[in-house]
Amino acid sequence: MQYDIAVIGGALSGSRTAELLARKGHKVLLIEEHSEIGEPCKCTGLVSWRTPDMVKLPKEIIVNLVDMANFYAPDGNFFTLKSKKQIYVLDRPGLDRFLFNSAAEAGATVRTSETFERFWYNNGAINIKTNRGTYDAKILVGADGGNSLVAKQASLEMPKNFFSGLQTTAEGDFENVELWFGSKLCPRFFGWIVPENNHIARVGIAAERNPNFYYQNFLRKRVKSVKNPDVAGIIRFGVMKDTASDRILLVGDAACQMKPVSGGGITYGLIGAQFAADACNKALEENKFSYKFFKGEYDERWKERLAPGIKKGLFYRNLLFNMSDFQINAAFKLISTFGHRFLEKLDFDLLLS
């Protein structure tokens with residue numbers, strides 16, 4: 001059987017793309033390498049008010065609502081920002097399962113415990129080899145994360161810089177979201193606390209090197225006990241030169257549709273999925289599958305929407321994470337005294353989710 005679209009990766013962006021295309025009546029194949037959807041979890045699950053506007057979330061997926069964040073300087077001083085709109089803390093594996101099941105309910109053929117191995121072009125189609133068989137498709141969508149094998153095989157170069165994130169769930173006293181900065185604590189990124197309630201929070205860090213060292217130090221500093229991480233993931237950010245090729249496009253983390261300040265990819269990933277689905281639908285309607293077509297109908301379109309935010313995030317990221325601890329201490333003290341009005345105009349979506 002030939003599929004119209006084969007999607008590699010059954011997490012958020014892949015499942016959403018598959019669902020949107022299946023609802024259009026296309027024959028969609030969705031392949032996920034893990035047996036349990038959403039596991040292992042690779043995300044904090046903190047999203048802005050925009051996400052429920054894009055996807056109608058079941059109530060049971062919403063774990064908590066927050067609107068305050070404490071920003072801690074290396075010297076321990078902090079300031080607090082309040083969001084004008086509430087931020088959602090989600091059951092992140094639950095969100096993946098919901099979207100994966102939505103794709104299946106829309107008519108997509110879904111496969112779990114199946115690993116993508118390679119693809120090749122063959123007589124106006126793409127052959128896709130997995131550990132379980134070979135499939136034919138007109139379009140291949142790579143939604144296989146920050147180390148995308150689809151991107152590698154399609155010679156779509158991804159940014160070389162990446163961070164490894166580690167997170168666990170810990171007990172303690174929690175009220176607001178917390179972001180902790182400092183070269184000794186977490187160089188060029190930050191440690192985070194995301195409360196599920198007043199007594200349980202998601203605690204983690206991301207680092208370029210030795211993430212487990214900084215992870216353990218942060219847990220000792222903030223919650224006094226060390227647990228093995230139960231969440232791990234790759235954070236790779238920047239604007240890729242190309243996220244499309246002949247009959248191929250990338251979406252979500254595979255396309256670096258991610259916020260450079262926070263590493264958050266849920267909102268951008270859902271937006272990217274809509275652009276991917278629109279481009280694939282138009283390609284099938286017009287029988288056009290060239291690089292030129294997908295460059296114009298997908299790559300340039302999603303970048304027109306998201307690249308300005310990514311570039312702005314890169315600017316803020318370079319500004320903040322190139323500061324010394326002394327400079328961060330001084331800046332946070334100034335913000336605490338004078339800067340709330342300016343910062344409260346910033347979109348929390350850029351900073352957190």
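**Helix α3 and the protein around it**

Start with helix α3, whose buried residues are Arg 92, Pro 93, Gly 94, Leu 95, Asp 96, Leu 99, Phe 100, Ser 102, Ala 103 and Ala 106; buried here means under 20% relative accessible area with a 1.4 Å probe, protein chains only. The model is a predicted one, so local features need pLDDT of at least 70 and side-chain atom pairs count only at pLDDT 80 or more, while totals for chains, interfaces and linings use all residues. Residues are numbered from 1 along each chain as its sequence is written, and side-chain values use heavy atoms, with hydrogens and water left out.

What sits over those buried α3 residues? The cover includes α1 (12-23), β2 (28-31), β5 (78-90), β6 (109-111) and α6 (266-286). As for its length, α3 runs over residues 92-106, and at 1.5 Å a residue its 15 residues should span 21 Å; the end C-alpha atoms are 21 Å apart, which agrees. That expected span is 1.5 Å times one less than the number of residues.

Zooming out, the protein holds 9 helices and 16 strands, taken as DSSP runs numbered from the N terminus (helices H or I, at least four residues; strands E, at least two). Its C-alpha trace spans about 65 × 35 × 35 Å along the principal axes. Of the 353 residues, 56% count as buried. Among contacts (heavy atoms within 4.5 Å) with a separation of 6 or more, 72% come from residues 24 or more positions apart.

Note on methods
Buried means under 20% relative accessible area, exposed over 50%, partly exposed in between (1.4 Å probe, protein chains only).
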